[in-house]
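Student: I have a structure to go through before class. Can we take it piece by piece?

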Amino acid sequence: MTNEYHLPGIRVAERRVDVPLDWSGGTAAAGTIELLVRELVDPDRARDDLPLLAFLQGGPGGANPRPLRRDGWIDEALRDYRVVLVDQRGTGGSTPLEAVDVAGLDAAAGADLLALHRADSIVRDLEHVRETLYGGRRWATLGQSYGGFLTLTYLSLAPQALTACYVCGGIPGTPPRAAEVYARTFDRVAAKTAELYRRFPEDTEAIARIADRLAEGDVRLPDGDVLTVRRFQSLGIDLGMKPGHERLHWLVEKAFARPGRLSEAFLADVQSLSSSAGNPLFWTLQESIYGDPASGPTAWAAQAERDRRPEFDEDRRPLLFTGEMAFPWMFDEVRLLRGFRDAVHALAGRASWTPLYDLDRLAANDVPLAAAVYFDDMYVDAGLQLDTLSRIGNAQSWVTNEFEHDGIGSGRTFTRLRELVRDRGGEKR
């Protein structure tokens with residue numbers, strides 16, 4: 001059954017398809033889950049035989065965009081493509097996975113369930129959609145952030161499905177090693193924090209006052225969670241997106257309703273930013289995306305790196321923020337993540353992983369790959385991206401400091417990547 005409707009400048013068609021929870025067949029009782037497939041097309045070209053573009057959403061644990069209007073990369077894509085948005089398993093309209101679904105399992109079973117939501121399963125879902133709903137037609141992919149990780153898994157598992165791959169800020173280091181990622185990105189988030197204090201000098205003292213009040217204890221968010229200094233520090237993840245510095249500045253401005261009393265408006269905003277209500281798998285799967293047969297356990301790599309850096313301690317002033325880094329305390333302190341706690345700890349200790357990347361196949365790749373590498377990226381290190389790209393066949397990079405991690409929001413980014421592929425012969429047909 002297809003559900004059809006219109007948005008401004010976009011014709012939308014939605015379908016649902018069942019896929020196995022466990023593509024390996026190793027869990028006989030696992031059953032099936034449902035995927036939501038949303039197709040966008042220019043209303044004036046709805047009957048045209050257009051090439052397909054599958055969007056690979058960032059994350060992990062991120063659902064596809066829900067457009068309000070035709071703009072950015074979607075506007076450009078709709079000029080030439082039929083755009084396919086498949087909510088990744090566990091997210092959005094695709095059988096969401098929440099803490100309550102894992103809380104009743106033992107730690108090992110919970111870890112097994114979470115591991116079924118990694119890139120290899122997502123790519124197999126996409127292949128099922130391509131074969132069953134689109135008759136096996138090849139398509140191009142546009143990967144944002146974690147969507148670039150999915151792209152390399154796709155090129156490793158099913159390159160024959162792809163006409164071209166475009167990636168915005170999301171080429172992983174290979175082999176993937178979580179410890180190496182955080183050894184680099186902690187430096188980057190410290191630099192972003194310093195930039196906040198340089199641009200808004202008054203925030204140095206204001207943030208110190210907030211941290212001092214939180215350190216005294218018993219500050220409650222509207223949902224009852226205790227707001228700790230380290231949870232406040234985690235808001236620094238926004239410093240990797242424009243205009244993240246401005247957003248954090250304005251949040252700090254509203255912190256105190258009276259001397260010593262944090263305002264209800266501030267606390268409500270902090271809860272919204274840190275509760276994980278909309279994307280519980282983001283922190284839950286954050287380190288498992290680096291799990292690889294050659295890498296061993298991820299072992300809470302971000303926490304281990306933080307422990308080596310006393311400048312990030314909660315009692316240091318000026319206070320440093322943290323970025324895209326999952327920590328064990330999150331699964332104790334954040335109400336909507338607590339049900340994942342035992343499973344996530346088991347996942348962090350896992351030594352055996354399904355392979356995500358075939359390095360030999362990537363070296364021999366002939367599918368055109370064009371990647372935007374953001375020089376100042378706070379989340380995905382530019383050096384690791386360029387190293388990997390240097391070892392992938394038919395790959396090109398565009399290195400720029402014009403954007404933070406969110407360059408895809410500009411229609412010019414996808415334009416530039418398409419030009420790179422066009423000038424080397426275009427998409428495969």
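This is a predicted model: local features need pLDDT of at least 70, side-chain atom pairs count only at pLDDT 80 or more; totals for chains, interfaces and linings use all residues.

Student: Which residues is Ser121 in contact with, leaving aside its neighbours within four places in sequence?
Tutor: Trp23, Arg89 and Leu116. Contact means heavy atoms within 4.5 Å.

Student: Where is Ser121 found?
Tutor: In helix α4, residues 119-133. Helices (H or I, at least four residues) and strands (E, at least two) are DSSP runs, numbered from the N terminus.

Student: Is Ser121 buried or exposed?
Tutor: Ser121 counts as buried because its relative accessibility is 6%. Buried means under 20% relative accessible area, exposed over 50%, and partly exposed in between, with a 1.4 Å probe and protein chains only.

Student: OK, new topic. How many residues has the largest nonpolar core?
Tutor: It has 107 residues. Those with the most contacts inside it are Leu114, Trp139, Tyr182, Phe232, Phe266 and Phe340. A nonpolar core is a set of buried Ala, Val, Leu, Ile, Met, Phe, Trp, Tyr and Cys residues joined through side-chain atoms within 4.5 Å.

Student: Which helix gives the most to this core?
Tutor: Helix α6, residues 178-199, with seven residues.

Student: Cysteine! How many disulfides are there?
Tutor: Zero, in a search of the whole structure. A disulfide here is a pair of cysteine sulfur atoms within 2.5 Å. For Cys165, the nearest cysteine sulfur is that of Cys168, 12 Å away. Cys165 counts as buried because its relative accessibility is 0%. Cys168 counts as buried too, at 0%.

Student: Switching to charges. How many salt bridges does the structure hold?
Tutor: 45. A salt bridge is a side-chain nitrogen of Lys or Arg within 4 Å of a carboxyl oxygen of Asp or Glu.

Student: Why do such side chains pair?
Tutor: Side chains of opposite charge can pair when their charged atoms come close.

Student: What does Lys192 form a salt bridge with?
Tutor: Glu404, with the closest N and O atoms 2.8 Å apart. Lys192 lies in helix α6 and Glu404 in the loop between β11 (395-400) and α17, so the pair ties together parts 212 residues apart in sequence. Lys192 is buried, and so is Glu404.

Student: And Arg188?
Tutor: Arg188 forms a salt bridge with Asp376, the closest N and O atoms being 4.0 Å apart. Asp376 is in the loop between β10 and α16, while Arg188 is in helix α6, 188 residues apart. Asp376 counts as partly exposed because its relative accessibility is 23%. Arg188 is partly exposed, at 26%.

Student: What about Arg137 and Asp49?
Tutor: They form a salt bridge too, with the closest N and O atoms 3.8 Å apart. Arg137 is partly exposed, at 33% relative accessible area, whereas Asp49 counts as exposed at 69%.

Student: Last one. Which residues are linked in a network of salt bridges?
Tutor: Asp187, Glu305, Arg308, Arg309 and Glu311.

Notes:
Residues are numbered from 1 along each chain as its sequence is written. Side-chain values use heavy atoms; hydrogens and water are left out.
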